[in-house]
Amino acid sequence: AYAAASDAFAYGRAAELAFMQGRGDLRDAAPLQEQATVPDAASLVVVTFLADLRDDNTVERTALETLSRELPTFTWPFERLSFLAFDIEDPDLAVRALEIALDLDPESSLYWTNLGWARYLLGRYDASEAASERATQIDPDAFIANYNLGLVRARFGRLADAMPAYEAALTRDPEVDDEALQDVLHAIEEEPRQSALLFALGTLYAAEGRRAEAASAFEAFLELGGHSDDFDAQAEARIA
């Protein structure tokens with residue numbers, strides 16, 4: 001029956017491939033890659049999911065790009081392309097996909113949040129901050145956007161602007177997002193003399209209950225010097 005459907009129409013072929021995948025008979029990616037170029041929306045959705053199940057980024061990207069041309073006002077393929085772009089560490093692709101998605105759905109805090117992060121990865125820091133700010137305006141509970149805001153501001157020593165963003169994130173995410181913590185550590189590797197990042201690191205460590213590490217971060221912050229008396233006092237209080 002699947003073979004007959006496959007001969008009859010595009011979705012029939014996609015259904016046959018799904019059946020083969022379910023039986024474990026789809027060992028070669030070539031049939032999926034071929035189907036990923038067929039301009040049939042329903043078929044392409046199936047191929048996208050099959051490629052995702054197989055962790056085949058090449059086929060998935062082909063299917064999504066074909067689908068985005070077939071249905072250019074459908075946001076889903078652009079959203080999926082952006083997620084795939086992060087997986088394959090291609091922030092430029094993520095930015096292009098998200099900017100189109102936002103043309104179609106300008107009130108999506110998720111898209112603005114992810115666009116802010118993609119722009120950060122490309123070093124477009126002002127544009128990153130603007131996108132993250134827009135995400136928080138649409139959804140004040142968008143704590144990942146607040147983490148992104150805190151990071152980009154701390155990276156440039158704007159501690160008075162960065163800390164309210166981190167505090168807003170921690171209010172909504174008291175467990176502390178592991179990736180947000182790793183992002184600060186990575187930024188410190190790139191900017192080891194930026195004391196604001198150390199203050200942010202100490203704050204996140206403290207929120208996690210990692211007190212010894214928090215104290216070390218605040219001590220390193222004070223050693224670099226050049227801060228306002230208010231933040232120096234806060235660091236000393238946290239150490240105590």
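The structure is a predicted model, in which local features need pLDDT of at least 70, side-chain atom pairs count only at pLDDT 80 or more, and totals for chains, interfaces and linings use all residues. Residues are numbered from 1 along each chain as its sequence is written, and side-chain values use heavy atoms, with hydrogens and water left out.

I begin with the helices, which are DSSP runs of H or I with at least four residues, numbered from the N terminus. Helix α2 (residues 10-23) packs against helix α4 (residues 41-53) at about 20 degrees, and their axes, lines fitted to C-alpha atoms over the stretch in contact, are 8 Å apart. The two are therefore roughly parallel (angles under 35 degrees, on a scale from 0 to 180 degrees between N-to-C directions). Which residues of α4 meet α2? They are Ala-42, Ser-43, Val-46 and Leu-50, where contact means heavy atoms within 4.5 Å.

I turn now to the aromatic rings. Rings of Phe, Tyr and Trp (its six-membered ring) pair if their centres lie within 6.5 Å, and the whole structure holds eleven such pairs. Phe-74 and Trp-76 are stacked (planes under 30 degrees apart), because their planes lie at 25 degrees, with centres 6.3 Å apart. Phe-199 and Phe-231 are instead edge-to-face (over 60 degrees), at 85 degrees and 5.3 Å centre to centre. This pair links distant parts of the chain, with Phe-199 in helix α13 and Phe-231 in helix α15, 32 residues apart. Phe-199 is buried (under 20% relative accessible area) at 1%, and Phe-231 is buried at 12%.

Key
Angles under 35 degrees count as roughly parallel, over 145 as roughly antiparallel, 65 to 115 as roughly perpendicular and the rest as oblique. Buried means under 20% relative accessible area, exposed over 50%, partly exposed in between (1.4 Å probe, protein chains only).
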